[in-house]
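I opened my notebook to walk through this structure one spot at a time. Here are my entries, written for anyone who is meeting it for the first time.

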Amino acid sequence: MGIEHIPFVGQSVERVEDAGLLSGRGRYIDDLGTKPGTLHAAIVRSPHAHADIVAIDVVAALALPGVAAVVTGRDLLDITAGLVPAVRAAVDARAIAVDRVRYVGEPVAIVLGRDRYVAEDGCDLIEVEYRPRPAVVDPLAALEAGAPVLHEGVGANQVSDRSFRYGDPEAAFARARRTLVVTVRYPRNTGSPMETYGVVAEYDPTDDSYDVLANFQGPFSIHAVVSRALKVPGNRLRLRTPPDSGGSFGVKQGVAPYAVLMAAASRKAGRPVKWVEDRLEHLAASVSATNRITTLRAAFDDEGRVEALDWDQVEDCGAYLRAPEPATLYRMHGNMTGAYAIRNLRMRNRVVLTNKTPTGLVRGFGGPQVYYPLERLMQRIAVTLGLDPLAVIRRNLIPGDAFPYRTATGALYDSGNYQHALDVAARDGGLEDLVRRRAEARAAGRLYGIGYTAAVEPSVSNMGYITTVLTVAERANAGPKNGAQATATITLDPVGAVTVQVASVPQGQGHRTVLAQVVADVFGIALDQVRVMVDLDTAKDAWSIASGNYSSRFAAAVAGVAHQAAVRLREKLAAVAAAQLNVRADDLVFAGGRVGSRTNPDASLPFARVAATAHWSPGLLPDMDGAPIRETAFWTPPQLTAPDEADAVNSSLCHGFIFDFCGVEIDRITGKLRIDRYVTMHDCGRILHPGMVEGQVRGGFAQALGAAVYEELAYGEDGAFLSGTLADYLLPTATEMPELTVLHVESPSPFTPLGAKGVGEGNCMSTPVCLANAVADALGLDAIDLPLTPAKLAALAAGRDEPAPPAGLAGKGSPSRVSKPGDRTMRGEGSASVAAPPETVWAMLLDPEVLASVIPGAHGVRKRSDTHFTAEVTLGVGPVKGRYKADIRLSDLDAPRAATLAGTVTGALGNGGGSGRITLTPEGGGTRIGYAYEAAVGGKVAAVGGRLLDGAARVIIGGFFAALARRAGQSAGGRANAPGLLRRLLARLGISP
Amino acid sequence: MPQLDVGARHRVRFTLNGAPADVEVEARTLLTDALRHGLGLTGTHVGCEHGVCGACTVAIDGVPARACLTLAVGVEGCDLRTVEGLSPEPGRLGVLQAAFRRRHALQCGFCTAGILMSLDAYLRLRPRASRTELTEVIGGHLCRCTGYAPIVAAALEAAAILRGEDPSEPTAQGVIEGAIEGEKAHA
């Protein structure tokens, strides 16, 4: 025919998404209108990590004009059920607390108002009375006998304990010449998409159905969990997603509990309900990656060849096991040997619950937690043996001719040539030069190190991998689970234009562009003749449980199935055109917007005319199975089988390869980590759109840099959440980004339709440990945990010894005494002079009326006994102003010389407790009041950070004594030792106090 | 400044993307909510509501400002520009926007409006901005998708085009000059 179609696939075409997004015309969930009468929700959340809910008083909130309803956990008991996880532990994982809270930020009540402002006003008026319980934050402490138990139904905090054995690890360890252990405490972090969660839900009582719009990202196996929690069959939960989503990185899977919550609230209120999460809620209570404590032991020989691994993993899933957890622990099960040919493994996997936010999907999902110990181990083996770490990595790699390669734990690695990737990376990434730079830096006395990481990046999860958490007998009972159904629908309209619909639910990755490329190539038409729709409606679109945007499945699975659907449709269209042109179908070529004969240039038809035939002229169609109008294809790879009886599982379809190396320098004084060079080599199979692959790598790298150096979802030992704002949870900005060299080799996957593999998560797995290995090299460390903060590195550079782990990760009995950002313990002391004798001051301290007038912000002080007072106080700390209930007790009374004051304050915004010793010493005719105090706070107030709290405490306590001094001065006949401004004013007026 | 009644609604009049606009708000209504829900201009995004992420950045009298930290009643009589005002006409992209598209400087697009507004204001002020300067401007925003490098590249490319230079070779001379200028500016 002479016209050739130059493929769009493989080109970095401009994205079809961008014009709208750059013009402010995106359609994110909060941009879509709502039905008239829609109520806006705000959520009252727990300030306690662990407490009983004694009472919830909603009267004042309901009386507020504009508040339509208040819904509590008890109100929803009858119309909802728990969110069922993969492990059937006796954990009632509800979307809202019932009678008890188990993490800071857990929903306690929902206020529904005419707008968000009114709903938030209503939240302030809700009084929740809590009875705090001891909290447990550290996963190992949670395993100990006598630890506070979160769920009495389980009886302990451990909800799963499985051991695995592959090959002959015992023999390998017995004959090993050397063994070595690394222990890693991997901290909590999260993906922090710039758009938070949003839900709009409506219940229709006439057919008992729910319509829920949520910026949910999948996996759609969760649809079954949500419909079950709402007690309706799947066809009565219509779950829709908006056309655009402001990022997810796995995290928006966690909107599912709120879909349940808002749907049920809508049913209670009888009106549609809209909720958009705010950032403080998101940081405290959306989704965290798991923190994990891993002990990894290796048996190896004198050359560094690893014979066996022994994994012991303790996974912390937070307060509730929420579907699909404990998937984080099992996602990597097939590739626990990474890029290495290690045949003998022993593994123990435990899952524990602690008083922290429930965990869920976060980019990298289980990868960072596995590669950190594995690649630290390889570096340690090299150092122990005095070998080059790169030589040890190379020695253990899976041979290039071994693919497809079945790992010891059951994964089938599809393709790759790891040695080749290493060679190209070392050459094109300038490794020799980097080694020279290290030598120069060290010669000049600077702290410079090089880190390496080899990692296998799994993508396209097997929906059955999570059942590896079950025993063989339990699996047999439940029936085998496996596969990863992907789907795409292609429709031809009456003018022959092409529309593609997929259930991939993109969160910014550009799926519409790539699908247009793939389908336009199949039909030989222009890119703009294909329109791609990605907003999903479970009531009308094709989908399955594996649908959604996770496990980097788009390029490998969704683009592939779209290609299959297009090819099927093309075959039918070829038959249509062949009949009209009187040529053989296999003689036809689709190119240049026409369907024409390869051999006869005169025989051709416009594509649009062929494509429209079934609409206008069904009589012209040859015999075929179904009209060529709409084609829906489903595809699941046969390689994704269920776990076998030996617990071997092919947990993912595709296995890309990453090799990273970097050079870092650490400032000896400040501990600042400077990344001199970072090189990342990827083999993600066939690349469909180089610009987008580059974007995935760079974006993933930035997130990994954050996780490695800046970010931690930190908790106090009492479970208080300490990183509740973006000023405390630090995300990297443009100024923190080092130069990044991105390299590629391509080993197409034989298992996917287009040869592509996933690439979105790799750097989240490889980069944190690569940086840690470089730091270990620079400082000569055996052990180093994340995050690599300047304070930690400065201490290590000075003492070469890692400081105590951060609060919340510390083992029992090792509280950190060092003051640091986020520390919520405040200490202070001071004194004030009062122009009244100690006896008068003493009497005042015991008088509720006096106290009411001198406690800053106090109203309603009540004397419960001679030594017990309660009060309501309004306090502001930084941006957080709130009302608190104070409970104050006096003890160790030594009238009129000394007393100990101990108290607690509780309120919606936080809670605190502390004690102080007050001493009264005669001084002239008056009294010198001395005080020393120690106090700690929790809840939202604590999350604003310790920096503000100290100052606030000083102001409040100073204010108390200043007021007491003034008051004492009045009662002593006006001879107040007036502080500050008053004294200066009196002095100016010539009045000497 | 007049005292405003907490319970009352107030009509605020200002110029929005070159045209007169007015919106009725409470005294406490944030500018983000007034723009998005009062006027339907949903291109300005809300990412953190505490001034860190920069997604809500708009230009008030030519100066970038966090709309989430601005009360709507405070823009009475001001000249406001939002991302909706960047396109020369519907369906066409301005120079900066087009550079973002060419360089794949956005993925989910949620932070993009704020970054465009900051860069637009800065490039008007300093057309010869250096890489360092532009990186610092972008450093006032959080983006979780791109890793920032393509945003810096797009900003440099747009700056070169706006100066009338060949964008295919903006880096060598332009950046060196810019860097020298930048150092002077910082000194």
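**Entry 1: a helix pair in chain A**

I began with two helices and listed who meets whom: A:H511, A:V514, A:L515, A:V518, A:V519, A:V522 and A:F523 in α15(A) meet A:F554, A:A559, A:A562, A:H563, A:A566, A:V567 and A:R570 in α16(A). I sorted the residues of this contact by class and got eleven nonpolar, two polar and one charged. My classes take Ala, Val, Leu, Ile, Met, Phe, Trp, Tyr, Cys and Pro as nonpolar, Asp, Glu, Lys and Arg as charged, and the others, Gly among them, as polar. Two residues are in contact for me if their C-beta atoms, placed from the backbone, lie within 7 Å.

Before going on, I noted that this is a predicted model, where local features need pLDDT of at least 70, side-chain atom pairs count only at pLDDT 80 or more, and totals for chains, interfaces and linings use all residues. Residues are numbered from 1 along each chain as its sequence is written, and chains are lettered from A and ligands numbered from 1 in the order in which they are written.

Next came the geometry: α15 (residues 511-523) and α16 (residues 554-581) of chain A pack at about 30 degrees, with axes 9 Å apart. That angle makes α15(A) roughly parallel to α16(A) (under 35 degrees is roughly parallel, over 145 roughly antiparallel, 65 to 115 roughly perpendicular, the rest oblique). The axes are lines fitted to C-alpha atoms, for helices over the stretch in contact, and angles run from 0 to 180 degrees between N-to-C directions. Helices (H or I, at least four residues) and strands (E, at least two) are DSSP runs, numbered from the N terminus.

**Entry 2: the cores**

I looked up the largest nonpolar core and found 322 residues, with A:A41, A:V111, A:A259, A:V519 and A:A562 having the most contacts inside it. Helix α16(A) gives the largest share of this core, 17 residues. Apart from it I found another core of 29 residues, among them A:M826, A:V854, A:F869 and A:A871. A core here is a set of buried Ala, Val, Leu, Ile, Met, Phe, Trp, Tyr and Cys residues joined through C-beta atoms within 7 Å. Buried takes 20 or more other C-beta atoms within 10 Å of a residue's own, exposed takes 12 or fewer, and partly exposed is in between, with C-beta atoms placed from the backbone.

I then picked A:A259 and set aside its neighbours within four places in sequence: A:A259 is in contact with A:V199, A:A201, A:V212, A:A214, A:F216 and A:V226. A:V226 is itself one of the buried residues of α6 (residues 221-229) of chain A. What covers the buried residues of α6(A) includes β11 (237-240) and α7 (256-269) of chain A.

**Entry 3: single residues**

Is A:D75 buried or exposed? I counted 20 other C-beta atoms within 10 Å, so A:D75 is buried. A:D75 lies in the loop between β3 (67-72) and β4 (100-101) of chain A. Its C-alpha atom is separated by 8.2 Å from that of A:K268, 193 residues away along the chain.

A:V460, in strand β18 (residues 447-461) of chain A, has phi near 60 degrees, a positive value in a residue other than glycine. A:V460 counts as buried, with 32 C-beta neighbours inside 10 Å.

I also noted two cis peptide bonds: A:E325 to A:P326 has omega near 10 degrees, and A:F403 to A:P404 has omega near -5 degrees.

**Entry 4: chain B**

Chain B has six helices and five strands, and 54% of its 187 residues count as buried. Where does chain B touch chain A? Helices α2 (95-102), α3 (112-125), α4 (131-138) and α5 (149-162) of chain B each supply at least two residues of that side. In total, 43 residues of chain B are in contact with 45 residues of chain A.

Inside chain B, the axes of α3(B) and α5(B) come within 11 Å and cross at roughly 35 degrees. There B:I115, B:L119 and B:L123 of α3(B) meet B:I151, B:A155, B:A158, B:A159 and B:L162 of α5(B). My class count for this contact was eight nonpolar, no polar and no charged residues.
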